[in-house]
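Subject: Structure handover

Hello,

Here is the structure I promised to pass on. Please open it alongside these notes.

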Amino acid sequence: MEVRLTVDELAARAGVTVRTVRFYGTKGLLPPPELGARRVGWYGAEHLDRLGLIEELQRQGLTLAAIERYLARLPQDSTPLDLAIHRALVASWTPEVPEQAGREEVERRAGRRLSVEQLDRLAAMGALERTADPEVFRVDPGLLPLGVRILDVPIPLETLVAARAVVVEHSRATARELQRLFRETVWKPYRESEPAPDEVERMKALTDHIQPMVAQALVTAFQKSLREEMGRGMGAGTGGAAAEERWTAPPETAPPETAPPER
């Protein structure tokens, strides 16, 4: 479904102000809109997903310069779906903060009316959770845009539920094993060396920066493995451009600098 938005509609869908959209545009973080009749600027799915990614990177604490470098590393042929996946990944680095929203607000963020079946599919993907009130949901802002893009893909609901269960089970096992490996080979020897208190705090801060690097490495490896397995299953090769990695190095974190205009 083609997305065609004015700057006001884009800002409303993204939950920011028009001034913020224009600010990102002047900084080169958003590509210019397509000019239509009477020089009206039209924005598409790429603008919406790129704006969402910028907002997630801002919440992560990246400076505008770091965000610019991050975006510059994205492949030139990145699709709106690629950007939505990046946003979901970045959102996973931050502590979970449930956002409660009514059905009208969820539909505004989705940019479309949602049937009961579609809400069930979003819940199966983990993009939202139902509450005691059937019209109120707990929303994952990072996963919702990606979930909405998958709504029109003809995948049975039971397949989505089963797939999520598989991913959760194996990701937890991987996280436990990585934590054990880091504890036994890095953290334990470091503590036994009796470092100074300030060095201990520095080491703790370093582990926080390791998390996004590990997360992106895992997603990259998973994408490659999934592509190879699906290629075997459908009798297709996995070489050439189709097998190229679409992920870039993790972004640089730094103290916030000049912030965009108020939301």
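Where does T63 lie? T63 sits in the loop between α3 and α4 (64–73). Keep in mind throughout that this is a predicted model.

T63 is worth a look. Is T63 buried or exposed? The residue is buried, because its relative accessible area is 8%, and the cut-off for buried is under 20%.

Now the overall picture. The protein chain has 263 residues, and 35% of them count as buried. There are 10 helices and 5 strands in the chain. Take the contacts with a separation of 6 or more: residues 24 or more positions apart account for 68% of them.

Next, the cores. The largest nonpolar core has 27 residues. Which of them touch the most other members? They are V21, L53 and L71. Five helices each supply at least two residues of this core: α1, α2 (18–26), α3, α4 and α5 (80–91). The biggest contribution, 6 residues, is from α3.

Leaving out residues up to four places away in sequence, V21 touches V7, L10, A11, V16, L30 and L51.

Then the second largest pocket. Its volume is about 640 Å³. The lining comprises 27 residues, and those closest to the pocket centre are R13, L48, R87, R109 and P145. Which helices each supply at least two residues of that lining? They are α1 (7–14), α3 (45–60), α6 (103–110) and α8 (144–150). The largest share of this pocket's lining comes from α3, with 6 residues.

P31 is found in the loop between α2 and β1 (34–35). P31 is partly exposed, because its relative accessible area of 25% falls between the 20% and 50% cut-offs. Which residues does P31 touch, not counting those up to four places away in sequence? The answer is E46, H47 and R50. P31 and R50 are 19 residues apart along the chain, and their C-alpha atoms are separated by 9.1 Å.

R38 and R39 can be taken together. R38 is found in the loop between β1 and β2 (41–42), and R39 is found in the loop between β1 and β2 as well. R38 has a phi near 55 degrees, a positive value in a residue other than glycine. For R39, phi is positive at about 60 degrees, although R39 is not a glycine. Are they buried or exposed? R38 is exposed, with a relative accessible area of 84%. R39 is exposed too, with a relative accessible area of 68%.

That is the handover.

Best wishes

Key. Residues numbered from 1 in each chain as written. Predicted model: local features only at pLDDT ≥ 70, side-chain atom pairs only at ≥ 80, totals over all residues. Heavy atoms only, no water. 1 Å grid on protein atoms, 1.4 Å probe; cavity = no way out; pocket = protein on both sides within 12 Å on 5 of 7 lines; lining within 4 Å. Points joined across faces, edges and corners; volume = space filled by probe spheres on them. Helix = DSSP H or I, 4+ residues; strand = E, 2+ residues; numbered from the N terminus. Buried < 20%, exposed > 50% of the residue type's maximum accessible area, 1.4 Å probe, protein only. Core = buried A, V, L, I, M, F, W, Y, C linked by side-chain atoms within 4.5 Å. Contact = heavy atoms within 4.5 Å.
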